[in-house]
Amino acid sequence: MKKVLLRTVLIVLLSSSKNSYAQFRKYSNEFLNIGAGARGLGMGGAQIASVSDGNAGYWNPAGLVHIKDNPVVNFMHAEYFSGIGKYDYGSVAIPLSDKKRTIALSLLRFGVDDIPNTLYLVEPDGSINYNNIRSFSSADYAFLFSYAQSVKQTGNKLFSFGVNAKVIHRNVGTFAKAWGFGLDAGVQMHAGRWKLGIAARDVTTTFNAWSFSFTEEEKEVLYLTDNEIPVKSTELTAPRLVLGGAYDFAIGKKFNLLAEANLDLTFDGKRNVIISADPVSVDPRLGIELGYKDLIFVRGGVYNFQRALADGDTLNQKKVWIYQPSLGAGFKLKHIAIDYAFTNLANQSNPLYTHIFSIRLDLVKKEKNKSVKN
């Protein structure tokens with residue numbers, strides 16, 4: 001499996017460098033579209049309107065304003081492809097003293113470690129020497145610096161906005177590395193049980209500037225195997241807009257049901273989604289969360305709707321709609337919340353499931369006991 005990954009990594013490097021000028025790529029920086037926090041992933045990523053914790057720095061920075069009293073720390077870990085790919089996320093959100101503004105720092109990493117480097121597996125005489133195998137890592141990093149502020153608050157209505165400045169670093173062993181920069185922005189409005197949100201990602205077009213550093217020996221191997229030697233290139237990520245709406249239903253005195261729908265709009269041409277058009281394509285996400293006394297939660301969601309060939313169609317003519325499902329659960333106790341999500345990277349007929357865990361901590365200061373002197 002990891003030998004296949006090595007070939008894939010090299011193919012990506014070579015194909016991305018055939019043109020040294022800047023160009024848009026439809027699926028650039030895709031690790032930034034995985035999600036953050038088991039709560040959101042358990043709801044199929046439908047978070048733009050309702051997110052109100054430290055994970056808002058990822059989903060919609062405007063939601064950070066709901067953190068008013070204490071700093072909040074979030075951690076998440078997930079593994080994909082039987083543990084080959086590892087995805088980690090962490091954030092800290094700090095409310096400012098006026099309780100109208102919040103700042104946050106988030107870190108994401110998606111990496112594949114211990115990939116065998118088989119460039120020198122074959123000796124010049126044609127013999128195979130396994131001692132020449134070395135390993136390297138291919139990892140993508142993103143640092144998000146978030147700022148959120150409430151604009152207007154009257155009664156049960158709250159309108160807020162937020163922005164992200166993100167720095168991206170990607171490296172493939174010693175072969176290649178890239179640095180990039182981009183901006184996100186979002187707004188959110190909560191009015192009673194209604195919640196609305198808009199998140200604009202990569203609003204200024206996010207770029208990655210790639211540089212390559214092959215040794216002379218590595219260049220020789222690439223030349224002898226009929227591969228082009230990569231050169232510097234710039235990769236551009238087009239903007240996208242996500243619209244969200246949610247409603248919080250009260251079910252008796254102990255239960256509440258939060259339902260949210262998001263529309264993911266991309267502007268880079270036709271995609272295999274429900275509404276496929278040029279230049280705008282629309283991909284919906286649907287999620288629900290059933291809560292009991294704001295302590296125990298059960299979640300579900302569907303997303304990534306696509307048209308695909310039916311499994312039983314031997315003529316490859318019949319197409320059906322497929323989607324990715326997700327389930328989740330969580331509980332909250334005082335200043336700690338633990339969430340779990342069970343998601344599918346493929347679709348409902350071709351399962352490729354993964355388990356995701358996340359934790360949230362409210363950093364509450366302990367009150368000092370005051371001693372009374374008689």
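This is a predicted model: local features need pLDDT of at least 70, side-chain atom pairs count only at pLDDT 80 or more; totals for chains, interfaces and linings use all residues.
1. Arginine 240 and aspartate 264 are both buried, where buried means under 20% relative accessible area, exposed means over 50%, and partly exposed lies in between (1.4 Å probe, protein chains only). The two side chains meet in a salt bridge, with 2.9 Å from N to O. A salt bridge here is a side-chain nitrogen of Lys or Arg within 4 Å of a carboxyl oxygen of Asp or Glu. This pair links distant parts of the chain, 24 residues apart: arginine 240 lies in strand β11 (residues 240-251) and aspartate 264 in strand β12 (residues 255-266). Strands (E, at least two residues) and helices (H or I, at least four) are DSSP runs, numbered from the N terminus.

2. Residues are numbered from 1 along each chain as its sequence is written, and side-chain values use heavy atoms, with hydrogens and water left out.

3. Side chains of opposite charge can pair when their charged atoms come close. Under the salt-bridge rule stated above, the count comes to 15.

4. One of these pairs is glutamate 235 with arginine 170, whose closest N and O atoms are 3.5 Å apart. The partners are 65 residues apart and link distant parts of the chain, with glutamate 235 in strand β10 (residues 233-237) and arginine 170 in strand β6 (residues 157-172). Glutamate 235 is buried because its relative accessible area is 8%. Arginine 170 likewise counts as buried, at 16%.

5. Aspartate 339 and arginine 299 also meet through their side chains in a salt bridge, at 3.0 Å from N to O. Aspartate 339 belongs to strand β16 (residues 336-344) and arginine 299 to strand β14 (residues 296-309); the pair, 40 residues apart, links distant parts of the chain. Aspartate 339 counts as buried because its relative accessibility is 11%; for arginine 299, also buried, the value is 5%. Both residues belong to a network of salt bridges that also includes Arg39 and Glu289.

6. Which residues form a nonpolar patch on the surface? They are Phe249, Ile251, Phe255, Leu290 and Val298, with about 420 Å² of accessible area together. Such areas come from the Shrake-Rupley method with a 1.4 Å probe, and for residues only the protein chains shown count as cover. Patches are made of residues with over 30% relative accessible area and no salt bridge; nonpolar side chains (Val, Leu, Ile, Met, Phe, Trp, Tyr) are joined within 5 Å, and like charges within 9 Å. Phenylalanine 249 is placed in strand β11 and counts as partly exposed because its relative accessibility is 39%.
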